[in-house]
Protein chains: 2
Amino acid sequence: MASLDKIMKPKSIAVIGASTKPHTIGSDIMKRLNEYGFKGTVYPVNPKGGVIEGLQAYTNVLEVPGEVDMAIIVVNSKFVLSTIDQCNEKGIKGLVVISAGFKEAGAEGAALEAELLKKVRQYGMRCVGPNCLGVVNTLPEVRMDGCFAETLPVRGDIGFVSQSGALGGGILNILKDLGIGFAQFISIGNQADINAEDAIEYWENEDDVKQILLYMESIQNPANFRRLASRITKKKPILALKAGRSAAGASAASSHTGSLAGSDKAAEALLRQSGVIREYSLEQLFSTAKVFKNCPLPKGDRVCIITNSGGPGIMATDAICEYGMQMAQLTEETKAELRSFLPAAASVKNPVDMIASAPLEHYQKTLTTVLADPNVDMVISIYLPFLGLRDIDVAKALMQIKAEHPEKPIVGVFMTKNEFFSAISEMDVTIPFFQFAEEAVDGLARLNMQRKWMERPMGTFPRYEVDQTRAQAVFDAAKAEGRAELTTRESLDVLDAYGVRVCRAGFARSEEEAVALANKIGYPVVMKMTSKTTSHKTDVGGVRVNMDSEETLRANYRDLIEKLREKGLLEGLEGVIIQEMVKSSRELVCGIADDPQYGPMIMFGLGGVFVEVMKDVTFNLAPLTDIDAHEMVRSVKAYKLLTGARGTTPADVAKVEETLLRLSQLVTDFPSVAELDINPLMISDKNGEAIAVDGRIKVKL
Amino acid sequence: MASLDKIMKPKSIAVIGASTKPHTIGSDIMKRLNEYGFKGTVYPVNPKGGVIEGLQAYTNVLEVPGEVDMAIIVVNSKFVLSTIDQCNEKGIKGLVVISAGFKEAGAEGAALEAELLKKVRQYGMRCVGPNCLGVVNTLPEVRMDGCFAETLPVRGDIGFVSQSGALGGGILNILKDLGIGFAQFISIGNQADINAEDAIEYWENEDDVKQILLYMESIQNPANFRRLASRITKKKPILALKAGRSAAGASAASSHTGSLAGSDKAAEALLRQSGVIREYSLEQLFSTAKVFKNCPLPKGDRVCIITNSGGPGIMATDAICEYGMQMAQLTEETKAELRSFLPAAASVKNPVDMIASAPLEHYQKTLTTVLADPNVDMVISIYLPFLGLRDIDVAKALMQIKAEHPEKPIVGVFMTKNEFFSAISEMDVTIPFFQFAEEAVDGLARLNMQRKWMERPMGTFPRYEVDQTRAQAVFDAAKAEGRAELTTRESLDVLDAYGVRVCRAGFARSEEEAVALANKIGYPVVMKMTSKTTSHKTDVGGVRVNMDSEETLRANYRDLIEKLREKGLLEGLEGVIIQEMVKSSRELVCGIADDPQYGPMIMFGLGGVFVEVMKDVTFNLAPLTDIDAHEMVRSVKAYKLLTGARGTTPADVAKVEETLLRLSQLVTDFPSVAELDINPLMISDKNGEAIAVDGRIKVKL
């Protein structure tokens with residue numbers, strides 16, 4: 001498909017529905033294009049003609065004399081389709097449909113939107129919207145403000161996609177206040193054609209877009225999103241606020257955008273596996289953007305705090321520890337150096353407390369000194385107003401040192417008046433400044449996440465030798481009978497075909513068959529009678545466990561027969577199941593769950609009586625990379641149980657990972673698998689093997 | 001002890017160390033007192049005399065002609081003691097010692113501080129500080145700004161205690177920007193005499209203090225804090241930021257204030273049991289204060305959102321659900337009413353989306369309508385800038401409706417420019433306005449916490465009939481032998497004396513003794529041999545379980561004797577332990593842990609193999625109220641295991657609670673108990689009884 005150049009870097013724009021009436025979208029768009037100084041040509045189009053923003057309006061786009069790259073359409077929804085026909089006739093390839101009244105407005109609107117998309121595809125166009133706020137590109141050679149937000153854009157390094165139009169406008173206002181600029185902005189609206197995936201793909205190679213921010217309520221094509229994002233996040237950070245986390249929120253999102261929101265577990269997995277940094281509030285999203293704009297990635301996670309007040313130093317320390325980052329251990333040289341100029345009452349341990357009376361010079365020397373410490377990866381400089389030391393002077397001094405030492409991230413916590421923040425929002429600051437310690441640490445934590453993501457291998461999708469034909473046969477057989485649910489035997493059979501280590505078992509009709517089976521399976525074994533007449537096996541001694549030799553098995557078999565004979569129950573006996581005896585004090589669960597929006601997910605966690613209570617489980621989207629599987633197993637608390645805690649045999653963790661990868665392969669080969677549970681997946685006390693003792697598979701018919 | 005009136009409401013103040021030199025504390029304090037218009041008399045004292053802020057300085061406080069209620073001391077620390085002597089001579093009863101160089105500065109300073117406190121006590125004075133920022137009272141008849149923060153105070157309803165001086169100053173600045181005023185401020189500094197407890201006790205009956213905010217790094221007297229706070233929080237909310245949550249943070253706090261910080265688990269428990277709302281950042285602390293200032297407590301937790309943009313509505317919904325509050329279900333009448341005036345594209349379900357074009361009138365009518373809905377307890381009004389509708393007009397309209405409907409909390413989320421927030425910070429707003437949805441929900445969640453605390457009974461400290469003498473004897477015996485650790489038998493003995501249901505057991509030397517014991521204990525029983533020569537009991541069949549009758553027991557006893565004789569091991573046999581057999585699939589743990597700073601805590605949680613991994617445990621400070629115990633048991637995830645999940649026998653939860661209360665009584669009676677573990681506390685599969693199967697007690701010698 002064509003790139004978004006025609007839309008994002010047009011040489012000429014027709015505004016169809018441009019208006020002379022103030023405070024209308026058709027007027028505002030014209031005004032913004034004009035005020036921001038669009039470098040190309042604008043052609044207002046209005047059936048009534050008239051002069052708009054000093055330009056004579058054309059009554060029809062076909063009358064426009066020159067070539068037109070892009071049309072911004074703000075006419076009533078019922079005229080949109082015919083307008084698109086005209087655009088096609090004019091040879092226009094880029095559309096931004098601002099008009100509302102499509103999918104968001106119900107069934108009729110949805111039908112109209114389908115028509116719109118059909119035309120866009122048919123004419124080889126690309127289209128932003130409908131029901132959107134417009135697009136912005138602040139590139140000096142473009143300078144296109146093609147949206148109707150309240151304020152003119154500020155140039156910066158962000159590519160920003162908003163799924164909510166009004167919210168997008170609100171955000172542009174706030175960004176301006178925060179002194180955060182952006183490179184490009186796309187309000188995707190109903191995303192009939194262009195969606196978030198298109199935007200991030202376009203921005204992958206736009207050099208002036210250094211970071212990508214997303215506000216999303218749904219993800220249209222999760223697999224495509226993952227494919228793109230996991231590649232692009234290795235080049236530039238993607239920060240996403242995905243709203244609709246709660247069930248109620250998701251339901252509100254659905255009614256808002258008409259899109260299926262999917263479960264948040266799946267969204268969480270998708271973003272994590274794609275290396276996207278998830279934010280949980282706009283405030284946090286903006287804080288992070290500020291930090292990414294002004295900081296290099298750190299080399300590690302050791303943070304040093306310098307401060308003129310103990311309190312905020314402690315709060316920052318708390319936040320650093322809560323994020324699992326490290327407090328830098330300053331070298332003896334650094335401490336000696338600090339001691340040489342700081343007063344006796346100062347603390348030269350991290351947090352370095354220069355005490356309230358610290359003059360500007362101490363800020364400068366202290367920052368320079370800790371930056372030079374090889375044990376320090378990042379620095380937080382805290383300032384509280386104190387007699388005569390001006391905030392802005394401290395800020396400037398810090399930025400000067402930053403210019404000389406650009407290699408380590410430095411953030412400022414200035415617990416000072418709003419005045420200071422207004423002042424710096426007008427300046428070209430090179431350090432992110434925050435009012436509160438926690439915000440600064442949040443930001444550093446995000447830098448650290450991005451660092452870890454950059455260091456994390458991409459991973460591969462391993463393919464194991466499996467018996468796909470055998471699994472296919474089992475599925476086919478069930479399908480032939482119209483059964484969605486496979487029997488336990490069938491389920492274990494499929495798992496076995498896919499190389500999952502299942503508990504060995506077989507059926508025997510006689511003592512000799514039982515012994516032969518047990519010899520094949522290996523001792524100890526369990527024997528369970530199966531009978532048409534006796535369902536409560538245990539009551540009649542029908543379950544014998546832990547038989548560790550042929551001799552014991554034979555004795556037990558004979559004893560069972562004898563007991564049943566005595567009780568007159570022998571007639572109903574069909575035979576016995578001989579099963580490998582797995583001694584295990586550790587039960588896990590794993591499986592496959594299908595999210596209607598995001599597709600199949602692999603689940604892993606703690607099993608047994610606690611699964612419902614402790615909810616110690618994790619989900620990743622299939623297919624899993626080997627790295628995904630590695631991380632999944634380690635991300636649950638129960639992982640400690642696998643490593644040999646309390647004198648248990650360490651589990652064969654590699655095999656547990658392999659089990660997950662085999663499930664991933666299974667559901668990739670058979671997308672019709674709707675649910676699969678291995679419960680329990682027992683860890684053998686004997687040798688740490690992971691053994692599927694029970695299984696259940698459900699398919700989509 | 002005397003109240004703080006002399007300090008907080010003085011009629012006359014001597015500033016000892018007042019200075020003519022600008023940008024010194026001695027100059028700034030004088031300036032602030034003057035500028036803010038102190039209603040009483042100020043006497044500057046400086047050995048060199050001179051005119052300070054238009055007042056002739058006295059060279060010594062004894063020269064001051066009139067009566068002096070309070071002295072603010074800013075002289076060098078080495079002159080502080082003699083200054084206090086002079087103050088005493090002058091009859092001054094209130095001191096604010098701003099001078100640093102005391103406990104925070106090392107051993108010498110600590111000694112000086114001890115001297116200071118001695119004098120204060122001896123002279124019957126009260127003292128704020130040393131090493132503090134000062135005190136403020138904005139009461140119109142007082143108007144005392146006795147601190148050296150950058151800005152003059154704003155009148156409001158907050159009583160604010162800060163343990164960190166510099167931080168306190170920073171906070172005062174920010175509060176002013178936020179338009180948050182306060183009634184009184186005390187910078188407690190090293191809290192030699194007056195601490196946070198004194199402040200909250202003083203404010204309990206100060207009518208203009210409607211809410212109390214604390215910034216603390218340590219709590220001096222946790223028991224006293226709890227006693228006071230749990231009473232005062234029933235009258236007015238106390239919000240606390242307790243820094244030093246992490247180990248590194250606590251260590252930083254210790255070096256900062258020289259005080260022992262204690263473990264955060266204990267601090268968390270103390271605040272929770274006292275009804276104090278804990279905040280985790282200053283930003284959150286301020287947001288909450290804004291909400292408490294302008295909102296009544298809600299009647300329930302059902303929130304309604306009205307918005308002109310879907311996105312922030314979804315984000316607010318997510319936050320509401322994450323706090324465990326409810327999305328209000330609007331009545332059919334409300335929906336019909338909303339439908340009567342909102343456009344077709346609007347959503348009349350909660351969140352009510354009035355769509356972007358909503359005029360002022362829709363805000364007014366929608367807010368009035370949802371406020372009238374009996375299913376709505378709280379309302380969030382969201383506004384995003386849209387063509388021509390001004391933020392300030394919407395804010396005013398909302399406040400007008402609020403004036404007519406003061407009974408339900410209303411908060412505003414205005415995703416608009418900082419300009420708006422600057423403008424309203426100058427106004428007397430009656431609704432808290434936030435820029436982001438999450439902040440507003442945070443605030444409502446705190447209102448809801450306070451509501452729940454108000455509805456929560458105070459609880460009582462039950463006293464059970466116990467055999468204290470018997471427990472004393474056990475402790476005495478161990479002490480006599482110099483043993484800190486009690487044996488299992490002694491530990492269970494103490495628990496038994498305190499009415500904890502312990503696993504019944506006894507020692508038998510013969511078959512007859514064994515049978516007699518088993519008959520007393522009740523079947524089924526376990527029999528364990530004890531031998532001087534055989535330590536691996538199980539290897540020689542020395543452990544027999546699940547014996548459910550005298551017959552079985554006798555058979556097993558004889559069989560054991562026979563087996564030992566055969567193996568030549570009979571000689572070493574001492575006898576057998578006969579023990580009640582507890583069948584249980586659910587193991588809990590409970591116990592006592594002693595925090596060096598906060599004192600004994602009661603612990604409860606999930607036991608067994610998972611205790612170390614899942615960390616599903618909770619702590620409360622002793623003594624427990626019945627309500628504390630009730631809540632503890634329900635606060636762990638494992639609680640679900642007690643209620644009969646998966647077909648198990650429901651546990652006798654009341655008895656579990658009683659067990660915790662008995663432990664609380666035990667450690668109250670015997671504060672020398674340093675550690676106590678009941679592990680496991682088994683829940684009997686048979687009847688749900690909670691039975692202490694193993695116990696361990698350690699005492700402080």
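**A walk through two chains**

In chain A, four strands make an open sheet, with the order 21-24-22-23 and antiparallel pairing. The edges belong to strand 21 (505–508) and strand 23 (543–547) of chain A; each has a single partner strand, so one side of each is left without a neighbour in the sheet. From one strand to the next, the twist averages 20 degrees. The model is predicted, which should be kept in mind throughout.

Look next at how strand 21 of chain A is held. Its partner is strand 24 (residues 573–580) of chain A. The two run antiparallel, joined by four bridges. Within this pair, A508(A) stands opposite V576(A) of strand 24. A helix also packs on this sheet: helix 19 (residues 511–521) of chain A. Helix 19 touches strand 21, strand 22 (525–531) and strand 24 of chain A. Its direction makes about 15 degrees with that of strand 24 of chain A.

Now step back to the whole of chain A. The chain is divided into domain 1 (5–291), domain 2 (296–455), domain 3 (504–581) and domain 4 (586–699). Between the C-alpha centres of domain 3 and domain 4 of chain A the distance is 31 Å.

Strands of a sheet pair through backbone hydrogen bonds, in either a parallel or an antiparallel way. Strand 12 (residues 211–216) and strand 13 (residues 238–242) of chain B run parallel, and five bridges join them. One bridge pairs L214(B) with A240(B) in strand 13 of chain B.

Where do the two chains meet? In all, 70 residues of chain B are in contact with 70 residues of chain A. Several helices of chain B each supply at least two residues of the side that touches chain A, among them helix 5 (165–178), helix 8 (247–257) and helix 10 (282–294). Helix 11 (310–322) of chain B is also one of these. Helix 11 gives the largest share of that side, ten residues.

Finish with helix 17 (residues 468–480) of chain B. This helix has 13 residues. From its first C-alpha to its last it reaches 18 Å, close to the 18 Å expected at 1.5 Å a residue. Its buried residues are A471(B), V474(B) and A478(B). Seen down the axis of helix 17, these residues fall within an arc of 60 degrees, so they line one face of the helix. That buried set packs against helix 18 (488–497) and strand 30 (695–699) of chain B. On the other side of helix 17, T469(B), D476(B) and A480(B) are exposed. After helix 17 comes G482(B), with a positive phi near 70 degrees.

Technical notes. Residues are numbered from 1 along each chain as its sequence is written. Chains are lettered from A and ligands numbered from 1 in the order in which they are written. This is a predicted model: local features need pLDDT of at least 70, side-chain atom pairs count only at pLDDT 80 or more; totals for chains, interfaces and linings use all residues. The expected span of a helix is 1.5 Å times one less than its number of residues. A residue is buried if 20 or more other C-beta atoms lie within 10 Å of its own, exposed if 12 or fewer, and partly exposed in between; C-beta atoms are placed from the backbone. The arc is that of the directions from the helix axis to the C-beta atoms. Two residues are in contact if their C-beta atoms, placed from the backbone, lie within 7 Å. Two strands pair if DSSP finds at least two bridges between them. Axes are lines fitted to C-alpha atoms, for helices over the stretch in contact, and angles run from 0 to 180 degrees between N-to-C directions. Domain bounds come from an automatic or database domain assignment.
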